[in-house]
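Thanks for making the time this morning.

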Amino acid sequence: LQLENALRLAIEHNQLQLVYQPQLCLNNNKLTGFEALLRWQHPELGFISPAEFIPVAEQSGLMIKLGEWVLQHAIQQQKKWFQQGYTELVMAINLSPVQFRQPELLTIISTQLELAKLPAQCIELEITESAMVEDAEQAIKTVDAIRQKGIWIAIDDFGTGYSSLSYLKRFHLNKLKIDQSFVRELLDSLEDRAIVTAIIRMAQSLGLKTIAEGVETAEHQSLLQQLGCDEIQGYHYGRPMPAEAATAFLQQQI
Ligand code: G
Ligand code: G
Ligand code: MN
Ligand code: NA
């Protein structure tokens with residue numbers, strides 16, 4: 001409850017921050033965009049991880065407000081970059097299951113995009129498998145409505161949820177984000193290599209893009225490239241960084 005109240009105040013008083021982690025295309029070695037990630041530095045409690053406060057937000061009903069805050073700020077940042085001429089960049093935004101099931105979701109996103117005068121292709125939504133298992137019929141409709149708008153959908157933490165693979169057929173998705181738990185020991189573990197290889201092959205056959213997360217070394221990157229993975233994200237290419245640092249990172253690209 002203490003954390004819940006603190007979070008409510010933090011949202012009201014703008015104490016939250018978004019950081020941006022770059023994503024790299026392995027086919028042309030170019031930056032494709034950034035993932036927006038929440039950060040919370042509490043004046044007394046110190047740094048609190050989203051892994052800790054997102055579940056609190058989900059359980060307390062704060063997630064809708066927090067999710068709107070994230071959408072608004074990520075899209076406003078994207079607008080700045082778009083106006084600076086980075087018109088091909090994509091901003092990946094995490095959606096919690098509660099947000100995904102919110103009936104007003106598409107209206108909120110459309111309004112934010114219109115306010116920022118951004119085309120829908122400028123953002124991509126990351127949802128987890130767990131968002132799709134409950135009420136699959138409704139979830140398919142939501143995914144289709146998002147896709148209809150021209151917004152891409154990536155499945156976050158792919159391979160770690162409890163859902164069956166049948167949803168890959170039923171949902172019209174764009175991208176699988178291979179969870180970092182499979183990437184971490186990719187060089188040493190035959191099992192992880194087999195799993196990652198299989199995910200990439202399956203995605204290719206289904207016409208889905210792949211991005212591997214948690215890529216921490218050049219060796220990981222080069223193996224993923226050999227395996228046919230489309231994109232990577234991780235400390236090797238770039239850490240999550242505040243907007244100013246992300247802008248500097250952008251400007252260093254050739
Ligand atoms: O950035 P970090 O690894 O600390 O994030 C931990 C977890 O919090 C990840 O699972 C990430 O998806 C989640 N997370 C970070 N930012 C957001 C956000 O804006 N919305 C949602 N729903 N989850 C987020
Ligand atoms: O939304 P998602 O569950 O994908 O969250 C990604 C999380 O992984 C973020 O919290 C981010 O800080 C973290 N992260 C990003 N790159 C790396 C990495 O190379 N190694 C590790 N251990 N964590 C990473
Ligand atoms: Mn994510
Ligand atoms: Na993930």
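Which residues surround ligand 1? Before I answer, please keep in mind that this is a predicted model, in which local features need pLDDT of at least 70 and side-chain atom pairs count only at pLDDT 80 or more, while totals for chains, interfaces and linings use all residues. Residues are numbered from 1 along each chain as its sequence is written, and chains are lettered from A and ligands numbered from 1 in the order in which they are written.

Around ligand 1 we find Leu37, Leu38, Ser49, Pro50, Ala51, Ile54, Val70, Asn94, Ser96 and Pro240, where a residue counts as near if its C-beta atom, placed from the backbone, lies within 6 Å of the molecule. Two or more of these residues come from each of β2 (30-42) and α2 (50-60), and α2 gives the most, with 3 residues. By class, this shell has 7 nonpolar, 3 polar and no charged residues.

Turning to ligand 2, 13 residues surround it, and the closest are Gly214, Glu216, Gly234, Tyr235 and Pro240. This shell divides into 4 nonpolar, 5 polar and 4 charged residues.

Finally, consider Met132, which counts as buried because it has 23 C-beta neighbours inside 10 Å, the cut-off for buried being 20 or more other C-beta atoms within 10 Å of its own, placed from the backbone. The C-alpha atoms of Met132 and Phe100 are separated by 8.6 Å, although the two residues are 32 residues apart along the chain.

Definitions and conventions. Nonpolar A, V, L, I, M, F, W, Y, C, P; charged D, E, K, R; others polar. Helix = DSSP H or I, 4+ residues; strand = E, 2+ residues; numbered from the N terminus. Buried ≥ 20, exposed ≤ 12 C-beta atoms within 10 Å, placed from the backbone.
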